[in-house]
Number of protein chains: 2
Amino acid sequence: MNSRFVPDEWKIIENRFEPENSKDSESIFSIGNGMMGQRANFEERYSGDTLQGSYVAGIFYPDKTLVGWWKNGYPEYFAKVPNTMSWIGIDIEIDDQQLDLATCKIKSFTRTLDMKEGLLTRSFIVTMSSGCIVEVTAKRFVSMSEPEKAAIKYSLKLSGGNGKLRITSYINADVKNEDANYGEKFWEETAVKTEGKKVVVKSQTRKTGFVVATAQTNVFCVNGRDVTDGHTDISTRNQYAASIFTYQYSSGDVIDVTKYIAVLSSLNHAPGSIESKAMSKAYEAECEGFIMLFDKHRKAWAERWEQGDIVIKGDIAAQQGIRFNIFQLYQTYTGEDPRLNIGPKGFTGEKYGGSTYWDTEAFAFTFYLNTADSHVARNLLLYRYKQLDKAIENAGKLGFKNGAALFPMVTMNGEECHNEWEITFEEIHRNGAIAYAIFNYVRNTGDKDYLADYGLDVLIAVSRFWSQRATWSDHRNKFVILGVTGPNEYENNVNNNWYTNIIARWTLKYTIEVLEGLHVVNNAKYNAVITRTALDLEKEISHWTNIIANIHLPEDTSLGIFLQQDGYMDKEQMLVSELNPSERPLNQHWSWDRILRSVFIKQADVLQGLYFFEDDYDDETLRRNFDFYEARCVHESSLSPSIHSILAAKLKDIDRAYKLYLRTARLDLDDYNKEVKDGLHITSMAGTWLSIVQGFGGMKIKNDKVSLNPTIPDAWESFSFIMRFRNKPLKVEVTERDVIITNFSDSGINIELYGEPVTIEPGKTSKLERK
Amino acid sequence: MNSRFVPDEWKIIENRFEPENSKDSESIFSIGNGMMGQRANFEERYSGDTLQGSYVAGIFYPDKTLVGWWKNGYPEYFAKVPNTMSWIGIDIEIDDQQLDLATCKIKSFTRTLDMKEGLLTRSFIVTMSSGCIVEVTAKRFVSMSEPEKAAIKYSLKLSGGNGKLRITSYINADVKNEDANYGEKFWEETAVKTEGKKVVVKSQTRKTGFVVATAQTNVFCVNGRDVTDGHTDISTRNQYAASIFTYQYSSGDVIDVTKYIAVLSSLNHAPGSIESKAMSKAYEAECEGFIMLFDKHRKAWAERWEQGDIVIKGDIAAQQGIRFNIFQLYQTYTGEDPRLNIGPKGFTGEKYGGSTYWDTEAFAFTFYLNTADSHVARNLLLYRYKQLDKAIENAGKLGFKNGAALFPMVTMNGEECHNEWEITFEEIHRNGAIAYAIFNYVRNTGDKDYLADYGLDVLIAVSRFWSQRATWSDHRNKFVILGVTGPNEYENNVNNNWYTNIIARWTLKYTIEVLEGLHVVNNAKYNAVITRTALDLEKEISHWTNIIANIHLPEDTSLGIFLQQDGYMDKEQMLVSELNPSERPLNQHWSWDRILRSVFIKQADVLQGLYFFEDDYDDETLRRNFDFYEARCVHESSLSPSIHSILAAKLKDIDRAYKLYLRTARLDLDDYNKEVKDGLHITSMAGTWLSIVQGFGGMKIKNDKVSLNPTIPDAWESFSFIMRFRNKPLKVEVTERDVIITNFSDSGINIELYGEPVTIEPGKTSKLERK
């Protein structure tokens, strides 16, 4: 795959303007800081193809459900991430002509995303029809240290004549979503205020009433001298406010505008005072100045990279790919606010609306758990905990009782948004991943208090759901779970999906185990949980125990494999290798029914379960299942190859693990699926991280210890990653010969390397032999 | 159930104006003639709640598919029956006030649908604000003898003062569909022409370009004298043309307008000359006059009733109910044009769009086969035959090859319209019903030429579909049919639906049998079929034979029942009797997933198969299956109870058969489902007919003979029905003691009564003992 981007360890560089790829680049060069984000739309006017996107975390619009045929139980709306007012706009008019890369003659163009410093820079030279040659350098960042602030420095050098320059730096709230079911406007009631140089625009979402206020202040310099006063006018109209700078330029003049931005939302501020606060904050940014503001931002990024960088030597494309993924994950979610989560497209596009899918718990969670302070992962858990009441309400709508919870398939505020019956109502395994994340967190951090204070409430509610959803079959003399969709969405409405049944059984077991553990260590908290949840110990626990002992888990004993669901072996047995390449991807070539009744698997399903619970199975069992399902998996979900890669690495099939790893490592950078224009696959990016750390690194937590089984793909000289255990960072570097482990914490850590105990002293590095 | 209508053997009478039921009555009092139809909207202006509906057969608008989540293979549009230009409009203005039943003071109101004569009459008296008392009698019919003609006689008697009368009799093409996915207009490019008293409006559907031209001519009389000339003006505007009559009335004047209508469509006329033809036809109607026109119409209805009347004595509600059903079925489809079919709402509403569902072959077909000349049923078969190429194309889109056909779930012109994957792609049993109708037709008529000339082409294409859709399971050592939805739509995407598998097997068997039969009797035609279809006798037939012998048919041997699908017995076993009545109907109270995984059945499924193939099973097998499934069937489809009723009658459980019969006998008249406002359940009406004739009458064709096993519900004194065999009509009257059979044909008929041979001489009636 030839990349459009220059190979570079820390930067994404595009050195040509390609209008046909402009929307792709808008996605790739997106910047964000967990609280807001922005596609790489141009500051100056652009009349070519573009998807304008400016997003503020936690805000949504309830877009009326669009459906062909209504099924009872469908939610009334789908929460959409609204495109929010634009704050990047800087119109440039030279000699009465708009600077517009779609129409001006371009001499050179470079765009660089510096991932180390979180800075987007764009430089280009164009010739205007007046003959004026314009050299532009535009730098922008959204502050990682002060997430309500952003800044742009837009510099122009004009040569080849004298003339008239007009710069209009504006905020525009007259925006729309491309993805609006009924073409509705999502925003209303804009207020515009000005105060000296400062302007603010306030807007409110329809129906949900979220308020966003964006303020700006601009400094205009000519040849380094601040000439704002005397050359600048403020102009406002409905939903719009601008600073307009006019100037008679001479050849050789360098003019720059520095635009200081504050974006405040009603999630964090009272709507009444939000405009004045936004103006103060923008002014505060101006007082600090671009350099100081950027320096704090750069340092915040440096701290991030210290916690989560992966270094790959000998393969620059892989290095660039994984850093891009880590960069985007950090940009999307910083973990300071338990009301926020990780949208599948983060701040890079509108598609899929909503914010939270099971992707968070099944994929992204482990990344944040290992690459940030433990409060970050904890906030992801609290997000679901805070939505527990709504999950109980949601389950109630589907006929479940007594505090049973079904967390939504897609949500913003805890209410279900999605409306495909086979997904919304049936892809219930998501409940299991939410329970698993609690286990995953406690296993890693040791924070058992979380269980007593919050976790058990969720575990009990999810267990109650499973205990009602599993029904008794006289015929089989087993509990069964009928009518589900597993992780493999190329099967719908199946019976006894192995993954769903196994995670249901595991949830019940784990909940009982946690209850028993708490009973032993803290009787008061134990009693509080029992009271709070009105758990009927005798009746409920004995029913759960009965299900644990008697749930049907389909398998094929002759093949020695678990069966994805009842009847899987009735399908026409074919292998991916027998498919006609011209019919791939299947989802673009086969009708849906044909996909459903085929053996072909969209994404890891049985293997997802074996990944979660690998220690419960011996390698031969893993191998038989891996060989069977990998041969039938078309990996048409970006979440899939990484799980297969991890299992292949565990099975010492490094070539295959590497090939699978490659399928997502640069998914967006190289636009494998020709859809990057809509935004990036943020949650899948965590999968690549998992492939490296859990796959090649062989990292897992077992018996309260870090266990490492590192290997390395032939293509790499070495790689290193950082992980956390008990909130202590460890760096693991793997070379052809060595495994070099650094303990950054102030206490010793006992780990297992290739099954052997090793102690790494505090602050020390141990060099050990790679097997 | 208290009916809103006066009990009457031949009439539907409403003797009060109830605005809250006005839309219901618009549906109930609809009139039609197979070529066009009209809801019982008022002639004069009505500002209350109304669904305007005027329909012309065979015309459709391709409404862009509305879907939440697109699945590969979905069709681009859903064919909608467009609301066509209105021709009933007669505005009445008295002393400058509009006559409007929503605002005028109503003294009396009666509406009568005379089903014997096909006449809708409305009489009412209102007082205008000027004090003028207006007595109106409006009669209308759409001609059954000349189906492009219709006429209205609208009479007013004015008393209580003198004043100004203005009558505007118009055609209005500015109409819309309530059911338009994107609010689009379906019609465009209207032309309006006038010629003397005659006016014509021409309109064309967007995209599909169907043309409809409606012409009118009006005769205005005062106290019986034609005063049209001198009092009438023609007025036209875009999409509208009217005759306006103005007159100074005196108390006691009787004014009437007779409106002669011609509705022509491009299905039968070249669009270029359609306007002038329409005007000629309207003028022709005027020349004949209302009385003559009506007399021919009345006679055409009398002929219909001679062919299909059912007389029930001792139960006037039942008599009214069945005649209403027969009346509507005859109004909807007359069988003269093989491009037409039976829409689920006929000419009574827009809902469900499309025209053709499997309802036609599975339910309505047997009605027309028995109550009309055999060319009517033959035209229903030809409808599908003519769409065979598109069915092959449709199957091709789903991956089937070599001339395999999948007829659409919903269609107008042979292209699939529907867009729910679990229905569109998976409810493939419809293909079986289409094959079964061919068998049903030949069994009854003996017209084997149809098979050689047309039927085999369809049977071979459907058999090819089944032979590819059934796949081999090594695991079971059987052929399986995976991923289907059976007639019971409360299960989706199941494996080995017994009904689907049995009808697939039957199709294969029947196709081979027909081929072998033709080989024996007409080798030339046999060879022509083989050549035409490029049938590979050796390969294809041996594969079919293999499937016939080895298809998996799920059953529970311990219960002695056939299983609706694999895994049915894994469900939580509950009975309808255990359901909380407050949760009925389930489809309004339970979420879709809950319905799916429950045992509850929407409509006959295994029992539908046993109904089709009853002679293949002994009564004990039928009884075990009936008892099992009836106890689990919620009958939430109007197609369901009649099939159960027929089987109950066969099993001599007459009370139960009668109770089931009652569930649909007056479904629309008494509006059980509170949805009659949207239109009538035309295809379900055939089910009631089947319950009486095949259920209580015990009528079937067996071994090339009519077989009768009549019984009678306690509530009835007697009932009689007419049926056809070999295109010869037979009347069967059943009383408490006797079975009286009349042979209307000119040759003797050998039948079986209660299993004993009986011969009925030509033109004779035999009175036999009822058992």
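User: Into which domains is chain A divided?
Analyst: Keep in mind that this is a predicted model. Chain A splits into domain 1, covering 39–305, and domain 2, made of 423–438 + 446–634.

User: And what separates the centres of domain 1 and domain 2 in chain A?
Analyst: 46 Å, going by the C-alpha atoms.

User: Why say the copies meet through the same surface?
Analyst: Because 98% of the interface residues of chain A are interface residues in chain B too. Chain A brings 45 residues to the contact and chain B brings 44.

User: How much area is buried between chain A and chain B?
Analyst: About 4,000 Å², with 53% of that coming from carbon and sulfur atoms. On the chain A side, the residues that lose the most area to chain B are Trp69(A), Asp570(A) and Arg597(A), together 19% of what that side buries.

User: How many salt bridges go across the interface of chain A and chain B?
Analyst: There are 6. One of them pairs Arg476(A) with Asp570(B), whose closest N and O atoms are 2.8 Å apart. As for polar contacts between the two chains, the count is 20 residue pairs, both residues at pLDDT 80 or more.

User: Which helices and strands of chain A supply at least two residues each to the side touching chain B?
Analyst: Helix H9 (421–424), strand S22 (471–473), helix H15 (586–589) and helix H16 (592–597). H16(A) gives the most, with 5 residues.

User: How does that side of chain A divide into nonpolar, polar and charged?
Analyst: It's 16 nonpolar, 15 polar and 14 charged.

User: Changing topic: how many salt bridges does the structure hold over all chains?
Analyst: 108. Among the pairs inside chain A, Glu44(A) and Arg122(A) join in a salt bridge, 2.8 Å from N to O.

User: Where do Glu44(A) and Arg122(A) sit in the chain?
Analyst: They're in distant parts, 78 residues apart. Glu44(A) is in the loop between strand S3 (36–38) and strand S4 (54–56), while Arg122(A) is in strand S10, residues 119–127.

Key
Residues are numbered from 1 along each chain as its sequence is written. Chains are lettered from A and ligands numbered from 1 in the order in which they are written. This is a predicted model: local features need pLDDT of at least 70, side-chain atom pairs count only at pLDDT 80 or more; totals for chains, interfaces and linings use all residues. Side-chain values use heavy atoms; hydrogens and water are left out. Domain bounds come from an automatic or database domain assignment. Contact means heavy atoms within 4.5 Å. Buried area is the accessible area (1.4 Å probe) that two parts lose on being put together, summed over both. A salt bridge is a side-chain nitrogen of Lys or Arg within 4 Å of a carboxyl oxygen of Asp or Glu. A polar contact is a pair of N or O atoms within 3.5 Å; within protein, one must be able to donate a hydrogen and the other to accept it, and residues adjacent in sequence count only if both atoms are side-chain atoms. Helices (H or I, at least four residues) and strands (E, at least two) are DSSP runs, numbered from the N terminus. Ala, Val, Leu, Ile, Met, Phe, Trp, Tyr, Cys and Pro count as nonpolar, Asp, Glu, Lys and Arg as charged, and the others, Gly among them, as polar.
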